[in-house]
Amino acid sequence: MARLRLHRQENDQMNQREGVFMNTGHRRAKRTLMAAVMAVSGWAAMTSVAYADSTGSNFPVPKEHDALFIGTNLMWIVLGAALVIFMQAGFALVETGFCRAKHAAHVMSTNVAIFGLGFVAFFLVGFAFMFGGFSYSAFGMDAPVGEALIGSGHWVFLWKGGFALGGKAYDVSVLAFFLYMVAFMDTTATIPTGAMAERWKWKAFIGWGLFCGAIYYPLFGAWTWGGGWLSQLGNSMDLGLGYVDFAGSGVVHAMGGIAALTGAIVLGPRIGKFGKDGKARALPGHHIPMALLGTLILLFGWFGFNAASTFAATDLRFTVAAVNTGIAAAFGLVTGMAWIMLRRGKPDPGMLANGMLAGLVAITAPCAFVQPWAAAVIGVIAGVLVIESIFIVENKFKIDDPVGAISVHGVCGVFGVLAVGIFADGSYGAGWNLTTTTDRGVTGILYGISNLDQLAAQAIGAAVIVVVFGAVSFTFFKIQNALTKGGIRSTEEDEVAGLDLPEMGVLAYPEFSGTHFGVSSSSPQGVPSIH
């Protein structure tokens, strides 16, 4: 992701790209292709000049021979952003389908509203805090828009520059980058809406959305993708190439998962979730087909999440990231299905879906650094890990998570971070995070015990997420609970009746009002609540 690569690598990638064009077929094909490239380049240059003239040179025009190169990469980033934003629909369907009908309008609305809440906060201050010191010339962002706010050198903790996309941030490259990164932030923000569903006051939810976009997500992001202290562990403490997280198993998913955990702890379980004997009761979701459709939408969007994190269509490694994403998803699904059949005798749809999502979350950090066989292994491990984690979270720790978000994003996100330090094969990432080590790429311990330093960097990053940001999110929810009249949890009366009418003023299914809205007490004991 915010990889601060050496320029030498960019030159290598350009040479690769030119080599591809030089080997594409007979002369007529070459002449046709070159004519098309020249025409598009001329069009891009002319339209760029016209646009710059009309806006007073706020958007610098690249050199003519770079126009198509940079323009292609900017289009790649924008298309990737669109795919990631579309994932919001997947999250909304998954969470709403796995929740009960009497809360459907409330749950769906949180998934829609979080986009705007997080976006506004990230636009105003979050992006500046996270990426004020970032630059990457592959898509034209040649210089940072700001500087360090807290810290210096290899020990930066917060950045400044580009507040509300003003000043130097008013640039085509920066704006494309912002759009991509705000989509990632919204993914982190939406994860707790699943674990905290069916008993979260709307006004308290608004507070979380703003806090996540302004402070919570940008803070850890500044330490990692923004070029802060965790990314520089390779330079400051000689730990591999520093903390590496290609597309966000840790920065996005584990951060959302740990907030989901602390939020669910502060809220407590739903009424009727645990019997007097302490055993978990199933509170079945009302629309399994909706949840499964949402899972497929997430799979589709995830290719933008991972492959487009190269920030350049000219970085041919995007094919590795894309294929590994599909492999891990497939193996996660099949393993999850097989494992729950061994455990319960039937291929539970909820566990099947979460097996796929677990594979996707786990491969997100290492997707560009591992070979296909490793992606399959990562998917298999995640498929088992997510199911066992769901059972442990619910049955041992008595934490109520209606959709399994803590396990899918939190547990498997941490595993994905560590997987980089285990399975990365060293073929990609030389000079990552501007480390002085340029003779090898990101390499895990399977390729030599000397690479234990990379695993150590990954472990430090994972520990920071769990300990530091677990404390940050828990403190936020506790303070919010103390300051909110009646706390952040809905009243018992509203929860039993369903949050749709009391909180939202409408019913998701008015034609079915009064039926199938009660707490299930006849479902099998101990079955995970995502069913």
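A: Start with the term itself. A salt bridge is a side-chain nitrogen of Lys or Arg within 4 Å of a carboxyl oxygen of Asp or Glu. Side chains of opposite charge can pair when their charged atoms come close. The model here is predicted. A search of the whole structure finds seven salt bridges.

Take lysine 273 and glutamate 394. Their side chains meet in a salt bridge, at 3.0 Å from N to O. Lysine 273 sits in the loop between H8 and H9, while glutamate 394 belongs to helix H12, so the pair ties together parts that are 121 residues apart in sequence. Are these two partners buried or exposed? Lysine 273 has 0% relative accessibility, so it counts as buried. Glutamate 394 has a relative accessible area of 3%, and it is buried too.

Next come aspartate 400 and arginine 270. They form a salt bridge, and their closest N and O atoms are 2.7 Å apart. This pair also links distant parts of the chain, 130 residues apart. Aspartate 400 lies in the loop between helix H12 (372-396) and H13. Arginine 270 lies in the loop between H8 and helix H9 (288-307). Aspartate 400 counts as buried because its relative accessibility is 1%, under the 20% cut-off. Arginine 270 is buried as well, with a relative accessible area of 2%.

Lysine 160 forms a salt bridge with glutamate 147, with the closest N and O atoms 3.5 Å apart. Lysine 160 is in strand E2 and glutamate 147 in strand E1, 13 residues apart. Lysine 160 has a relative accessible area of 30%, so it is partly exposed. Glutamate 147 is partly exposed too, at 48%.

A nonpolar surface patch of about 450 Å² is made by Leu149, Ile150, Trp155, Phe157 and Met237. Strand E1 (147-152) and strand E2 (155-160) each give at least two residues to the nonpolar patch. Isoleucine 150 is in strand E1. Its relative accessibility of 45% makes isoleucine 150 partly exposed.

Aspartate 238 lies in the loop between helix H7 (233-236) and helix H8 (249-267). It has a positive phi of about 55°, although it is not a glycine. Aspartate 238 is exposed, at 57% relative accessible area. Leucine 434, also not a glycine, has a positive phi of about 55°. It lies in the loop between helix H13 (405-423) and helix H14 (452-483). Leucine 434 counts as partly exposed, at 42% relative accessibility.

Turn to the interior. In soluble globular proteins, nonpolar side chains tend to be buried together. Here the largest nonpolar core has 137 residues. Those with the most contacts inside it are Met181, Trp208, Tyr217 and Phe220. Helix H5 (residues 172-195) gives the most to this core, with 13 residues. Beyond its neighbours within four places in sequence, tryptophan 208 touches residues including Ile114, Trp200, Phe476 and Phe477.

Some buried positions sit in helices. Glycine 221 is in helix H6 (residues 202-223). It is buried, with a relative accessible area of 0%. Apart from neighbours within four places in sequence, glycine 221 is in contact with Met130, Gly226 and Val251. Asparagine 354 is in helix H11 (residues 349-364). It is buried, at 1%.

Finally, the whole protein. It has 16 helices and two strands. Of its 531 residues, 56% count as buried. Its accessible surface comes to about 20,200 Å², and 69% of that belongs to carbon and sulfur atoms. How far can the model be trusted, in terms of mean pLDDT? The mean pLDDT is 88, and 84% of the residues reach 70 or more.

Note on methods: Residues are numbered from 1 along each chain as its sequence is written. This is a predicted model: local features need pLDDT of at least 70, side-chain atom pairs count only at pLDDT 80 or more; totals for chains, interfaces and linings use all residues. Side-chain values use heavy atoms; hydrogens and water are left out. pLDDT is the predictor's confidence in each residue, from 0 to 100. Patches are made of residues with over 30% relative accessible area and no salt bridge: like charges are joined within 9 Å, nonpolar side chains (Val, Leu, Ile, Met, Phe, Trp, Tyr) within 5 Å. Accessible areas come from the Shrake-Rupley method with a 1.4 Å probe; for residues, only the protein chains shown count as cover. Helices (H or I, at least four residues) and strands (E, at least two) are DSSP runs, numbered from the N terminus. Buried means under 20% relative accessible area, exposed over 50%, partly exposed in between (1.4 Å probe, protein chains only). A nonpolar core is a set of buried Ala, Val, Leu, Ile, Met, Phe, Trp, Tyr and Cys residues joined through side-chain atoms within 4.5 Å. Contact means heavy atoms within 4.5 Å.
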